[in-house]
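Here is a short tour to read with the sequence and the coordinates side by side. Take a moment to turn the view around before reading on.

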Amino acid sequence: MSALLELEHLSVTFETPQGPVHAVQDVSLTIEGGSIVGLVGESGCGKSTLGRAILRLLPENATVAGSVRFAGRDVLALSPKEIRDLRGRNLAMIFQDPMTRLNPLMRIRDHFIETIRAHNPAVKSGQALERAKKVLADVRVPSDRLGMYPHELSGGMRQRVMIALCLLFKPALLIADEPTTALDVILEAQILQLLQSIMHEYSMSVLLITHNLGLVAEFSDRVAVMYAGRIAEEGATPPLFREPRHPYTQGLLRSVIDLETTSLYSVPGEPPSLLGETAGCPFYPRCDKRMAVCETVYPEPRLVGEDHRKVACHLY
Amino acid sequence: MAGWFARGRTSLVGRLIGTFLGQSRTIAGILVWIGLGVVLTILVLALLAPFIAPFDPNTKVASPELPPGGAFLMGTDRGGQDVLSRIIWGSRVPLAIIAVSTTISLALGLPLGLVSGFAGGRMDRGILLVMDSIYAFPGLLLAIAIAAVIGRGILNISFAIAVVYIPTYFRVIRNHVTSVKQEPYVEAAVALGMPRRRVIGRYILPNVAQSIPVIFSVNAADAVLTEAGLAVLGLGLPPGIPDWGFDISLNWQRFDVSWWATFFPGLFILILTTALTFVGEGLNDILNPLLRKREYKAGAQA
Amino acid sequence: MPGSTASLRAYVITRVILMVPMLVLLLTFTFIILRVAPGDPVSTIYGERGNPQVIDRIKTELGLYDPLYVQFFRYLRDVFTGNMGTSILTQRPVIDEITSRMPATIELTFSSMLVASVLGIGLGTFAGTRRDRLPDFATRLYGALAYNIPIFWFGLILKLIFAVWLGWLPVSGRFSPRLSPPPTVTGLYTIDSLLAGNLPAFVDAVAHLVLPSLTLGIVLSGFFVRITRVNVIHAMGSDYVEAARARGIPERSVFFRHGLKNALVPVITTMGLTFALLFSGAILTETVFSFEGMGRFVFLAISYRDYPAIQGAVVYYGILMVVISLGIDILNAFVDPRIRY
């Protein structure tokens, strides 16, 4: 399959009164058609910013450098009208907290009509509702919910509605930013299984942004581990989990509870500030395998081993 | 990296200092500085009135209604008194009213808000009802009623104004307390059996204190305007005390002839109240960055 | 909306019932302030030199020598039976005084609110969508100045410029003496002149309203600018606005349907509070423009300790507040489905 989304040297910087914040630095990542890519990292590592940068949803104080190519088009060069047309039609996004993502003053029905008409003004509201019912059935939401207001739905229902709103135009890529973090464990499994089955039905790729390693291990084909705005390690899921190379990935995997020893490991220290310029490896202060070179020289990611793994570490 | 605002429990003074060091070049910081500068200038005018004012404010020094110019920079009023001198002396009244009335409002509103917010339940609802009734009533009318009953004088007028603004302090503090009360560290302290008074003193008061400067500066401006309104209606201070609002009431009937005698006192009221609002708005932006948080959050952890 | 009419009705009834204790409280407060404090109306009016026997007789007639609680219950009974007594100052029934002045206040209140909300919401939206840029600062400055301007002084300036110097608008009053006022139907000159088909009278009534309502409206717009700006910023930064953009909704719809509409909900809520500001400002505005409305009446009544008149005015304001806050609540429930349940 060809590359659906290609990020090359993507960087995002926020201007703040305290100075520039480098939320994403020099990230290159490829998503193939029909695959699920997991993007994991601690909160504050820049993973959500990366997701928004792809859709150009960042606030005005953000500057984006590098390139985003979606289905061969340069997303960063699109006109406002073109990017608007892309959003929701070819590229869709769902968010962490479904409770606040629907307009509280609008019925569910109107969210659908509005979205369909935004891309296809000629559609009558009757036709739009028929389409809404179809996608709602696909995400297993009874169609009587259409007449309700968001506050009348549960969190799981709202996230399903959000997903249905994304499916209206059968997008090629869905960016799911912590889609289940606000939901309980049972709902989490349901929503992810739903996503997985829909993905096949709609032949759609998913960029799953999460801090939950378990989800990534279970659902994604490839994984990118992000640390302090950069990608530390990236590769196919099974080998990466079997044999993590980057010391940060190793630490992360160790911090998942080991059922045999029931001891809980955590990576010592805290993630660095993204404020201002940094030299060297961002993980250096917390790394248990650090070397002198790590403090001054940033390790460019390179291919390691046979499984096309990219690792940004001086050890390799 | 989220900066000073993320540290929830630093002391107010520490925050203010940190803020001015970090924020003095942002808009909010500049607003605070301009506002403080103007207020301090007026304070200096008030304190040094005997030395600065060119004439005695209560003496006829020239013919009435002389236009601005010459020895009388702002002209003379109907009584032949120097408008500028009266303005300089008159700056004492609003400042005194601010000091006294906000102290009274705070002294009553703060404990009521603390108790009401912390106790909750029936008592909270009772106090809330009383406060809301006062709040819903037109403030100037209430002040007129009280002033009409207790008579003239700085203390009396300040008291009348103070009553009007107790609910504002009460509201803000009560709402702040109810939200702070649910913070885990406060719940923990209560669960561990710490006496109420100490919980309020140790955990709640320091948190709530940060909203006081903001209410203060907003209320100070309102107090000045209310005093001016009372004075214009003839319910202000006894004659003989120069006061901006009183001067307007003396001269406004002749506004079309000698506009300066009314215009300048009013202008000074506007300058003082706007400066106070600048301080309040700036402090609010700095201490209550709720609105700003989002952006920084995006920059900080997205 | 299934079931919502019933819940809306229940909601309205609850709100009305809740207003009764507030009204009683207000009445009690007025009673205490006016009766317990030193000074009485009869002495205030007749002065120290009045005949003590006459003063005594009038005081007995008014029941001022009865025990306080008797006075209090009589006062409550009168209020609830609509018997507001006779104004000591004007010797006319209080209810007549109020009904003759109410239309002026209603006209002034309504037109000022119109000026304030159009200016305030317009400018606040303008500023909120251009956050931290020059138009935003200019508008915020306008808001601060408008809110802080001494209203009496501002009215004088407008009057001097537009009525005295330029002569575009009348200096004071509600209606030109040279025209005959329209037959009274509602008491509102603007409405009555239209009902009578008397266009010159309508123009004259509106012309008299322009300056007072601009004065009051501009001052009040300072409040609206602030609150609208904050809420527009808040709504435009909300999660559902981001989600709408992510769905490819055109920016125009994002702004009107998601941003502005949601921003106006809290603006409506606070509108109720601005009426307190409005009535305070009305007293001063009515004084500048000799606009004989309720504000002037209450002020005079308080100054002369005209108890029956004050009572009547308090009841009037109390009822007005009840009606306004009820109206605002219903409007809110109508706009925001979350409140209805």
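Predicted model: local features only at pLDDT ≥ 70, side-chain atom pairs only at ≥ 80, totals over all residues.

**Chain C on its own**

Let us begin with the fold of chain C. Its 13 helices come with zero strands, and read from the N terminus the order of elements is α-α-α-α-α-α-α-α-α-α-α-α-α. Along the principal axes, the C-alpha atoms of chain C take up a box of roughly 85 × 55 × 40 Å. Chain C has 341 residues, and 44% of them count as buried. Among contacts in chain C with a separation of 6 or more, 72% join residues 24 or more positions apart.

**Where chain C meets chain B**

How many residues of chain C are in contact with chain B? There are 35 on the chain C side, and they touch 37 residues of chain B. Several helices of chain C give two or more residues to this side, including helix 1 (4–36), helix 9 (199–236), helix 11 (251–288) and helix 13 (307–335). Helix 6 (134–148), helix 7 (151–165) and helix 12 (294–303) of chain C are also on that list. By class, the chain C side of the contact has 28 nonpolar and seven polar residues, with no charged ones.

**Domains in chains A and C**

Both of these chains are divided into domains. In chain C, domain 1 covers 1–89 + 304–341 and domain 2 covers 109–293. In chain A, domain 1 covers 3–90 + 172–268, while domain 2 covers 100–168.

| Domain pair | C-alpha centres apart | Residues in contact |
|---|---|---|
| Domain 1 and domain 2 of chain C | 29 Å | eight of domain 1 with seven of domain 2 |
| Domain 1 and domain 2 of chain A | 26 Å | 13 of domain 1 with ten of domain 2 |

In chain A, helix 6 (residues 185–201) gives the largest share of the domain 1 side that touches domain 2, with five residues. That side of domain 1 of chain A is made up of nine nonpolar, two polar and two charged residues. For chain C, the side of domain 1 that touches domain 2 of chain C has five nonpolar residues, two polar ones and one charged.

**Nonpolar cores**

Which residues touch the most other members of the largest nonpolar core? They are Leu208(A) and Ile144(B), in a core of 257 residues. Helix 11 of chain C supplies the largest share of this core, 16 residues. Setting aside neighbours within four places in sequence, Ile144(B) is in contact with Leu230(B), Leu233(B) and Leu235(B), and also with Phe299(C) and Ile302(C) from chain C. A second, separate core has five residues, among them Leu188(C), Tyr189(C), Ala205(C) and Leu209(C).

**A loop residue in chain A**

Finally, have a look at Arg290(A), which sits in the loop between helix 9 (247–254) and helix 10 (292–296) of chain A. Why does Arg290(A) count as partly exposed? Because 17 other C-beta atoms lie within 10 Å of Arg290(A), and a residue is called buried at 20 or more and exposed at 12 or fewer. Arg290(A) and Ser35(A) are 255 residues apart along the chain, and their C-alpha atoms are separated by 34 Å.

How values were computed
Residues numbered from 1 in each chain as written. Chains lettered and ligands numbered in written order. Contact = placed C-beta atoms within 7 Å. Helix = DSSP H or I, 4+ residues; strand = E, 2+ residues; numbered from the N terminus. Nonpolar A, V, L, I, M, F, W, Y, C, P; charged D, E, K, R; others polar. Domains from an automatic or database assignment. Core = buried A, V, L, I, M, F, W, Y, C linked by C-beta atoms within 7 Å.
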